[in-house]
Structure formats: structure tokens, C-alpha cells
Amino acid sequence: MKFEYAPAPESTAIVDIQSEYNLFIDDKFVPSKGGKRFETINPSNEKVLSRVTQATAADVDKAVKAASEAYRKTWSKLSGAQRGKYLFRIARILQERAREFAVLESMDNGKPIRETRDTDIPLAAAHFFYHAGWADKLDYAGLGKNPKPHGVVGQIIPWNFPMLMLAWKVAPALATGNTVVLKPAETTPLTALLFAEVCQQADLPKGVVNILTGDGSTGAAIVNHPGINKIAFTGSTEVGKIIAKSVASSKKALTLELGGKGANIIFEDAPIDETVEGVINGIFFNQGHVCCAGSRLLVQENIKDELLEKLKRRMSLIRVGDPLDKNTDLGAINSQAQLMKIRELAESGDAEGAQRWSPQCQLPEKGFWFPPTFFTGVSQAHRIAREEIFGPVLSVITFRTPSEAIEKANNTPFGLSAGIWTDKGSRILWSAQQLKAGVIWANTFNKFDPASPFGGYKESGWGREGGRHGLSAYLKGDFS
Amino acid sequence: MLLTDSSESSIKSFLRNLSPVDQVGADSRAAMLATRSIKTSSKLWAIDTAISMIDLTTLEGADTPGKVAALCTKAVRPDPSDSSVPHVGAVCVYNDMVKIARDHLDKNGGNEIPVAAVSTAFPSGRASLDVKKRDTEDAIASGATEIDMVIDRGAFLSGNLEKVFTEIVCIKEICGERAHLKVILETGELVTYDNVRKASFLAMAAGADFIKTSTGKVSPAATAPVVLVMLEAVRDYFVMTGKRIGVKPAGGIRTTKDAIKQLVLVNETAGPDWLDPKLFRIGASALLNDLLMQRMKMKSGQYSGRNYVTLD
């Protein structure tokens with residue numbers, strides 16, 4: 001290449017990672033009652049970043065008690081405007097410390113700094129700003145007169161957008177007057193622990209937000225704790241089903257944001273270059289670790305060859321490598337376990353007769369990496385067309401008519417997202433009516449806004465997050 | 001599919017078959033490419049490449065032989081204190097200044113720098129075809145080897161595509177082997193990206209060697225998304241025909257940052273083959289000094305004042 005981009009790494013000097021972290025309970029970092037520590041690593045080079053605490057059932061109990069007391073004594077006594085004041089404060093601190101969060105998120109997760117800097121962290125702050133505005137206006141949210149919070153909510157978030165998912169959970173919970181016990185994912189705890197510092201910095205009353213690190217057993221202890229009134233979970237459909245069973249016999253409210261196998265539908269009259277960008281953004285954004293990823297490309301058969309030629313050319317330009325390099329487009333896979341899962345599913349694609357294509361790209365030796373990939377010759381029966389891969393792997397399926405496109409798009413146990421690409425407004429409206437997906441994008445993909453509700457049909461989950469609909473998940477009232 | 005003949009219906013159906021452009025998508029792609037971080041060695045390479053691609057331009061009513069001569073001196077040796085700086089891509093002037101520019105370049109070691117003339121009743125294009133032809137003939141006779149013609153935007157917007165097409169064909173005929181033809185679309189007057197894409201293909205099919213964004217007299221001019229759409233057009237045209245057409249953004253590119261963003265657009269859209277003054281030019285005047293100041297900073301480690309570059 002004539003025009004080589006010299007390395008442009010973002011400095012890590014701004015982050016101060018401690019060698020060990022305790023649990024954040026009742027406004028203090030406290031050691032666990034008997035819990036061991038486990039390592040969190042940088043998936044791009046496998047270096048250990050820190051050792052965090054495995055919270056035990058006893059720790060969960062302590063956190064729930066703190067949250068419960070905070071709810072009774074302080075948080076439920078505050079006016080909406082006063083709660084809003086804290087949320088605005090948190091939002092501003094997130095903006096002020098945005099670079100620190102962006103660098104830390106990239107290191108702990110493996111995602112490119114360009115995405116944490118331009119998407120994850122600004123959106124996380126936006127969620128706090130948005131919900132800060134709602135805090136004193138809940139009577140006018142169309143959710144009945146004087147809607148009431150649940151009390152203590154247990155929140156379990158995934159590793160794909162650690163800080164953003166924290167914001168999606170914590171901001172509406174606090175705005176509506178609930179207190180929180182939150183567990184970040186096992187592989188990405190560090191930004192949640194930094195957020196604990198932000199809560200201190202914002203003088204948030206003690207016990208309103210409690211953060212417990214740990215694995216699935218910590219999550220189970222939260223889900224099953226009798227002092228918790230509502231569970232909000234984002235993660236796999238498999239775990240979501242376990243949680244649904246666990247809370248079925250209790251009075252706990254539940255929202256689930258689970259997996260997906262989003263169809264990105266390309267009609268023959270689509271604006272082709274922008275469509276190619278949308279396909280790239282749909283599946284390679286965040287290494288494809290996106291529940292609403294456009295992982296099934298449904299393309300009208302008569303433009304398949306042209307589209308794939310353009311897609312190949314564009315995929316060859318994807319810059320894979322050091323996530324902290326400002327020019328990196330595709331970072332590291334978050335964990336060894338996820339990499340194995342992606343490989344296993346991609347191999348099933350080979351075995352079932354689909355054709356794999358990846359551009360030439362040099363993957364780093366250390367760390368967990370998977371090249372941008374698509375499969376052609378995929379049929380609806382293939383595992384790569386049905387199961388969520390949660391990686392940078394696209395399955396290309398063709399259709400002949402609009403109704404066949406809709407039929408194939410809906411022919412999945414999931415129903416989280418879909419994309420429609422066409423120059424015809426009428427076809428956008430018609431398709432959106434037919435598609436059974438919670439989020440539908442027209443001539444764009446993976447766009448998020450705090451004002452827009454997000455959530456799925458069928459096995460993609462229960463309830464909505466964001467917007468007015470998202471508020472209702474954290475409130476009790478006539479509407480529910 | 002290419003043109004079968006130059007009839008109105010053939011041109012219209014050719015353009016109708018082009019893929020539409022989604023404005024939101026094109027804007028966001030251009031914005032994403034603007035975030036590329038070009039540092040150290042790649043920045044130095046980009047600065048020198050950008051200098052070698054500049055069509056150093058003066059298009060004022062107040063242009064004088066003295067002004068044009070100064071511009072030509074600058075074109076040959078942009079930084080008098082550093083001979084490693086490449087010369088610019090071309091000098092771009094009005095017709096009556098072509099001979100002055102040519103003579104001055106030839107006398108001062110710039111014989112390989114072409115002189116470009118703006119032609120066909122620049123900038124409005126509001127003249128008869130006959131006048132436009134004579135305008136072009138006159139420029140070539142005076143020594144111009146590059147012709148920057150304007151399209152008839154009024155004809156384009158009113159749907160008279162055959163007129164736009166025919167004019168380009170006629171001017172191309174006059175240019176023949178003697179001059180390179182750059183066709184100015186004046187994208188600020190065409191407004192929509194669909195129009196930009198259509199006009200790009202229309203110009204290429206009619207024989208343009210280059211497609212150029214703007215006259216510099218209308219704002220907005222060479223915005224990043226417009227250049228993106230034009231780069232996509234030349235890339236697609238190459239796939240269709242095997243022929244590489246150049247692109248020239250002009251107007252509004254004033255800083256090194258702007259210029260580097262343009263090179264990134266080229267690199268990641270049309271591809272590295274276009275990173276060559278034969279296929280990419282930047283129409284500018286003030287840009288050159290900013291590039292020189294950044295270059296000095298890269299070499300010496302410190303910023304020098306504006307009096308360390310020549311104001312011409």
C-alpha cells in the first residue's frame with residue numbers, strides 16, 4: 001500500500017488500574033466475605049489487568065440489605081428533581097472522564113478505541129442525561145398517576161457493551177426511584193468499578209448503587225435473593241431462560257434482553273454503497289458481539305453478485321488489530337471461550353457445505369482474534385443461519401420476492417432486530433409491519449438513542465429498555 | 001451498462017439505472033473516515049503527496065501578470081528554503097493568463113508543470129456552445145494542457161441531459177490529445193448526492209478525464225461526502241469500463257487536516273491507485289502554505305510563524 005497509516009495508539013496513561021479490587025457496597029469498597037479473586041485480562045494481548053473479587057451469597061445479601069436500607073431511608077424520600085440532580089451529575093462526570101472510560105473499556109473488552117470513544121461512552125452519558133430529565137416528570141410519562149418504583153433491583157449485564165449496558169440499567173432504575181445491585185460480566189468488570197468511583201464523586205447517597213463482581217454464581221445469588229423486587233438481565237437466551245424459571249414462583253418483576261439473529265434485508269433498489277456500509281456496521285461493529293447484529297444478510301438474488309463484490313472490497317479495508325490504535329476497525333474477541341464458540345460455529349458452516357470468505361488479514365499472535373468473515377451458500381437449515389454466533393461472521397442468504405424475504409427473516413426463534421434497505425418508502429413501511437422484530441432500522445443499522453425503546457420478540461426477550469417504554473419496566477402502576 | 005448512443009432517452013435510461021445514494025449513509029461514512037488518525041511518517045508522506053496534487057489556483061478579476069508570475073514561482077519551488085519539497089500538480093488560471101503562466105514556468109524550471117485553464121464561460125457556463133468552444137480553443141492555443149470546463153447546471157437541473165452531454169463531448173473533441181479535460185459539476189448547485197452521482201457518470205461517459213467538484217465560486221464546494229460520492233463513481237466506472245477517471249475536489253480545502261482527510265477518502269474509497277497526481281488533484285490556493293508550515297513543523301519539531309512561508 002502507498003498510504004500506510006502509522007500506528008496511532010491512544011495513551012493508557014490516563015487510566016489508573018489497581019492491582020486488586022474489592023466489592024462496592026454501601027458507598028465503600030469492601031472485601032468479600034470469603035470470596036476469592038479472579039483475574040481480568042486484556043483480550044488483545046492476554047495480559048492480566050487486575051484481580052477482582054468473586055462476590056459470594058453473603059456479599060449479595062449484604063449488598064441487598066444496603067440497597068434496601070438506602071431505598072427506605074433516603075432514595076424513596078427524595079423528590080424526582082433531587083434524584084435528577086444526581087443523574088445529571090453522573091452524566092457530566094462521565095463526559096468529563098470520557099477518555100478514561102473509553103481507554104479502560106477498550107483494554108478490558110478488546111473493542112476498538114474508536115468505538116468506545118465515539119459510541120459506548122458518549123451514549124452511556126446520554127442515557128444518564130436522558131433519564132435525569134425524566135426523574136421529575138414521571139407523572140406525565142403516560143404511565144398513570146404517581147407510578148411507584150419496585151424498590152431494590154438486581155441487574156446483570158453482559159460483556160459486549162459493559163459501560164453502555166450499565167447505563168441502560170442504572171440510569172432508568174435511579175430515575176424512577178429504585179436502588180441497585182449490579183453485577184458486571186466476569187470478563188469486563190473494570191468500567192463498572194470505575195463507575196463506582198463516579199458514584200462516590202457524585203456524592204450519590206450510600207447504598208443506592210452497589211456493584212458486585214463475580215461469575216454466574218453471583219448472578220444466581222442476586223436473582224434468587226428474596227430482598228430483590230425486580231431483575232433486569234441482558235445476556236444469552238440460555239441464561240435468560242434459567243432466570244425466568246427462577247423468578248417464576250416469586251413476585252419479582254423481570255425484564256430480559258437476550259440473543260438475536262437479526263436479518264438485514266437488501267432489496268434490489270437499495271442505495272448500494274451505503275448498504276454495504278450498513279452491512280459492515282451491522283455485523284462487524286463491536287466484533288459482531290452485538291445481540292441486535294445484522295448477522296443474516298438477506299439479499300435479493302438478482303443483486304447478490306454485485307453486492308458481494310462490493311462487500312469483499314470493503315471488507316478488505318477493515319483494519320484489524322490493536323484495539324487502542326485510533327485507526328482500528330475490528331478489535332479482539334472478548335474471551336478465549338467466545339473465540340472457541342465462534343470457531344466451532346464457523347466450522348459447522350464449513351461442514352454443512354457453506355462457503356467461507358475472509359479478506360487477507362494479519363491477526364496478532366497474542367490474544368483472541370477472528371477475521372471478518374462471511375458465508376455464502378447458506379440455507380435456512382444451517383446452524384450458522386439459526387444460532388447466534390456473536391462474532392464477526394455473516395451468513396448470506398438470498399430471496400426472490402419481498403414476501404419471501406419477510407418469511408425468511410421471521411423464520412427464527414429470535415426477534416430482536418432487522419434492517420431494511422430500499423429506496424422505496426412504501427416498501428420500508430410494508431416490511432416494517434411484517435417483520436417480527438423489536439427494533440427495525442431502515443437504510444441504516446445499529447443506531448441507538450436513549451429515547452428509543454429497545455427490546456425483542458420471542459426468544460429475544462421481555463420488556464423494553466430506553467424511552468418511555470423503558471421507564472415502565474422500573475415502575476409499578478395502572479399501566480402494568 | 002454503458003451508453004448505447006448519445007440520445008436523450010439513452011442518457012436518461014443509463015442514469016436511471018445507477019444505484020441511488022442515501023444521504024444519511026454517505027454523510028456518516030465520510031464522517032467516519034474523517035476520524036482516521038494520520039501521524040508521523042504517514043503524515044509526512046501525506047503532506048508531500050498533497051503538495052504534488054495541488055492545482056495552485058488564482059481565479060480573480062484582479063489577477064495581473066505579476067500575481068500569476070509569483071504563483072508560478074511558488075508552484076515550481078513551494079518552499080524556497082527546502083528543495084526536497086515537490087512541485088505542485090499544476091497552475092490553474094483564467095485564459096488570458098495562460099501564456100504568461102506557461103512562459104514563466106518554462107523560464108523558471110517548471111516546464112513539467114502543466115497550466116490548467118478554466119473554460120466554457122467559467123464559472124456560470126452561461127454562454128452559447130460556440131463561445132464555449134472558442135474559449136477552449138483559445139486556452140489550448142495559449143498553451144493550456146488541462147481544461148477545467150463547467151457543465152451547464154441549468155440544463156442538468158431542467159432535465160436537458162443531452163445538452164450537458166453534448167457540450168462535454170464537443171469540448172473533449174477540441175481537447176483531443178492536446179489537453180486533459182476536467183469537468184466541473186458545481187456540486188453546490190446540484191445539491192443532492194443522487195445528482196452528484198448522475199452528473200459524475202454523465203461526465204465520464206461523455207469523455208471527461210477528471211471530474212471536479214466545484215468552481216470555488218459557490219459554497220458549499222468540496223465537502224467530504226460529495227468527494228466520497230464522486231470517488232465511488234470513478235471506482236464503479238473503472239469496474240464497468242476498465243478506465244480510470246481522476247477526481248479533483250476544489251474549494252474550501254484550506255488546511256493540512258482537510259487535505260489529509262481527502263487523501264484518506266481516496267485511499268479507502270477509490271483505492272491507492274488514485275493516490276497519484278494523474279488521478280487526484282486538489283484545487284486550492286491557501287492550502288499550500290498550511291501544508292508547508294506543517295511540513296516544517298514535522299521536520300524541525302516546532303511551529304514557525306506565517307512569515308516563514310511566502311505569501312504570494
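**Group meeting: a predicted two-chain model**

I begin with one residue: leaving aside residues up to four places away in sequence, A:Leu87 touches A:Phe128, A:His131, A:Ala132, A:Ala135, A:Ala171, A:Leu174 and A:Ala175. Contact here is defined by C-beta atoms, placed from the backbone, that lie within 7 Å of each other.

Residues are numbered from 1 along each chain as its sequence is written, while chains are lettered from A and ligands numbered from 1 in the order in which they are written.

To what does A:Leu87 belong? A:Leu87 is among the residues with the most contacts inside the largest nonpolar core, together with A:Val180, A:Val181, A:Ile265 and A:Leu298. That core has 147 residues. A nonpolar core is a set of buried Ala, Val, Leu, Ile, Met, Phe, Trp, Tyr and Cys residues joined through C-beta atoms within 7 Å. Buried means that 20 or more other C-beta atoms lie within 10 Å of a residue's own; with 12 or fewer the residue is exposed, and in between it is partly exposed, the C-beta atoms being placed from the backbone. In soluble globular proteins, nonpolar side chains tend to be buried together.

The core draws at least three residues from each of domain 1 and domain 2 of chain A. A second, separate core has 99 residues, including B:Ala116, B:Ile184, B:Phe210 and B:Ala233.

I turn to the domains of chain A. Domain 1 covers 23–258 + 458–476, and domain 2 covers 263–442; such bounds come from an automatic or database domain assignment. The C-alpha centres of the two domains of chain A lie 30 Å apart. Their contact takes 20 residues from domain 1 and 24 residues from domain 2. On the domain 1 side, α3 (98–109) and α4 of chain A each supply at least two residues, and α4(A) gives the most, with three residues. By class, the residues on this side are five nonpolar, eight polar and seven charged. For these classes, Ala, Val, Leu, Ile, Met, Phe, Trp, Tyr, Cys and Pro count as nonpolar, Asp, Glu, Lys and Arg as charged, and the others, Gly among them, as polar.

Next, the two chains together. How many residues of chain A are in contact with chain B? There are 21, and they meet 23 residues of chain B. On the chain A side, the elements that give two or more residues are α4 (113–134) and α9 (272–284), with α9(A) giving the most, five residues. This side of chain A has eight nonpolar, four polar and nine charged residues.

Chain B has 13 helices and eight strands. Its C-alpha trace spans about 60 × 45 × 30 Å along its principal axes. Of the 312 residues in chain B, 52% are buried.

I close with some backbone details. Most residues other than glycine have a negative phi, and most peptide bonds are trans. In chain B, a cis peptide bond joins B:Phe122 and B:Pro123, with omega about 0 degrees, and B:Pro123 sits in the loop between β3 (115–119) and α6 (129–141). The bond from B:Ser219 to B:Pro220 is also cis, with omega near 0 degrees; B:Pro220 lies in the loop between β6 (210–212) and α11 (224–241).

In chain A, A:Asp27 has a positive phi near 70 degrees and is found in the loop between β1 (23–25) and β2 (28–30). Is A:Asn443 buried or exposed? A:Asn443 counts as buried because it has 20 C-beta neighbours inside 10 Å, whereas A:Asp27, with 19, counts as partly exposed. A:Asn443 has a positive phi of about 55 degrees.

Key:
This is a predicted model: local features need pLDDT of at least 70, side-chain atom pairs count only at pLDDT 80 or more; totals for chains, interfaces and linings use all residues. Two residues are in contact if their C-beta atoms, placed from the backbone, lie within 7 Å. Helices (H or I, at least four residues) and strands (E, at least two) are DSSP runs, numbered from the N terminus.
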